[in-house]
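The following note is intended for a colleague meeting this structure for the first time.

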Amino acid sequence: MASTKVVEITTDNFQGTVLDSEHPVLVDFWAEWCGPCHMIAPIIDAIADEREDLIVGKLDVDAHPAIAQRYGITGIPFVGLFRDGNLVKKSVGAMPRPALERALGLDD
Amino acid sequence: MPPKTRKVIIIGSGPAGLTAAVYAARANLEPLMFEGYGWGGQLMLTTEVENYPGFPMGVMGPELMQAFRDQAERFGTEIVPADVTRVDLSSRPFGVWVDDEEYRAEAIVISTGASARWLGLESETSLRGHGVSSCATCDGFFFRDKPMVVVGGGDSAMEEALYLARIGSKVTIVHRRDAFRASKIMVDRALANDRVHVRWNAVVEEVVGDGRVEGVRVRDVVTGETETIPAAAMFVAIGHTPNTELFRGQLELDPDGYIVADGSRTNVEGVFVAGDVQDRQYKQAVTAAGSGCIAAIDAERWLELGQALETDQARTASAATGN
């Protein structure tokens, strides 16, 4: 089941929801036609449900290619951690939850 | 408290594992499946599947796997999203762990499949996600109207090249030999496509680029000459390695790491195997599904046999004591 805590990120709300956020924001760049994106979707949902200190969002790169382009994203699933308006950690590709959390510095 | 012993645990969730789950669930074995982070298996990385029977117009790989999964769940398969971290196949019941969480089962079906193989170059690792990929359907999108390279000579390489030819300006297939091992229909289609070119007898020496792929340097294995093919992306489709690290030292593996099986039976009684993790030869979604069915039926019969034996032994024992 998709988590209700996951926010949809778009070209229009990216600045306000991600870059201007007071809290760290985890953004899952994904697309409908990307199988591995579906593979990690349950992990993203679980993180959204469990972490009160994070905002978790999903951005459809097909619908909002400009944002993906701005960050030079050429491989998905791309999960980025934004802090104070900056992309500080990232992870590319499907992987088990512990590896994903390690890549994003969420394991401590 | 020791965990409840399940009748059967299924490890892996591609066509083999999910078919085993459908059969085991319908036989009331209440299967527990560890699907892992790579749920759905290799079909999740494909677009259209044209050779799965029952779909005359083809079906999308991820869609097919979602349907498999729904069917397994419908009959009561319990699905755990985690990856198994350790197994103990020497104890009875068998032990399966996800970190510190312990699970027990009388029988196990292994269907962990195979993972895409990489060339093993340093430049390939550092540029992964920046133009180096093993999933054309995921990442081709980012290279519209750009030249791309596909490495490999099998059906997957042909499929990726044909898919990418619809997006990019030019696709060069780099293959180390002078003939493809892909099926004739796929080779014919690839060679007939104006945007698909082939660099025969060539191996990749280095992925060229700083922060993103700019080209692929190849060496001709016949002449020894090198050249750099301009490319914004390199897709690697050189085959797969069976996912058997978990079982090393506990199950008989062949030199390439595939589980050695007689039908679905491994060298450990009660441990059954299905799909690409034991298949060096066919590696098709439909053969994986078929072998999943075989493994589930074999496991069911083996469990029944064990039960019958126990009942017999109990009867003999009670007769001997005169009770």
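1. Of the 323 residues in chain B, 44% are buried, a residue being buried if 20 or more other C-beta atoms, placed from the backbone, lie within 10 Å of its own, exposed if 12 or fewer do, and partly exposed in between. The model is a predicted one, in which local features need pLDDT of at least 70 and side-chain atom pairs count only at pLDDT 80 or more, while totals for chains, interfaces and linings use all residues. Residues are numbered from 1 along each chain as its sequence is written, and chains are lettered from A and ligands numbered from 1 in the order in which they are written.

2. Chain B comprises seven helices and 19 strands; helices (H or I, at least four residues) and strands (E, at least two) are DSSP runs, numbered from the N terminus. The C-alpha trace of chain B spans about 85 × 40 × 35 Å along its principal axes.

3. Helix 1 (residues 15-26) of chain B is largely enclosed by the rest of the structure, because eleven of its twelve residues are buried. Among the buried residues are Pro15(B), Leu18(B), Val22(B) and Tyr23(B). Asn28(B), which follows helix 1 of chain B, has a positive phi, near 60 degrees.

4. Val187(B) lies in helix 6 (residues 184-192) of chain B. Val187(B) counts as partly exposed because it has 17 C-beta neighbours inside 10 Å. Leaving aside residues up to four places away in sequence, Val187(B) touches Met158(B), Phe180(B) and Ala182(B); contact requires C-beta atoms, placed from the backbone, within 7 Å.

5. In chain A, strand 2 (residues 25-30) has six of its six residues buried, so this strand is largely enclosed by the rest of the structure. Val25(A), Val27(A) and Phe29(A) point one way, and Leu26(A), Asp28(A) and Trp30(A) the other.

6. Strand 2 of chain A runs parallel to strand 3 (residues 55-60) of chain A, joined by six bridges, and antiparallel to strand 4 (residues 78-83) of chain A, joined by five; strands pair if DSSP finds at least two bridges between them. Asp28(A) has Lys58(A) as its bridge partner in strand 3 of chain A and Val79(A) in strand 4 of chain A.

7. Between the chains, 19 residues of chain A are in contact with 21 residues of chain B. Helix 2 (residues 35-50) of chain A gives the most to the side of chain A that touches chain B, with seven residues.

Technical notes: Contact = placed C-beta atoms within 7 Å.
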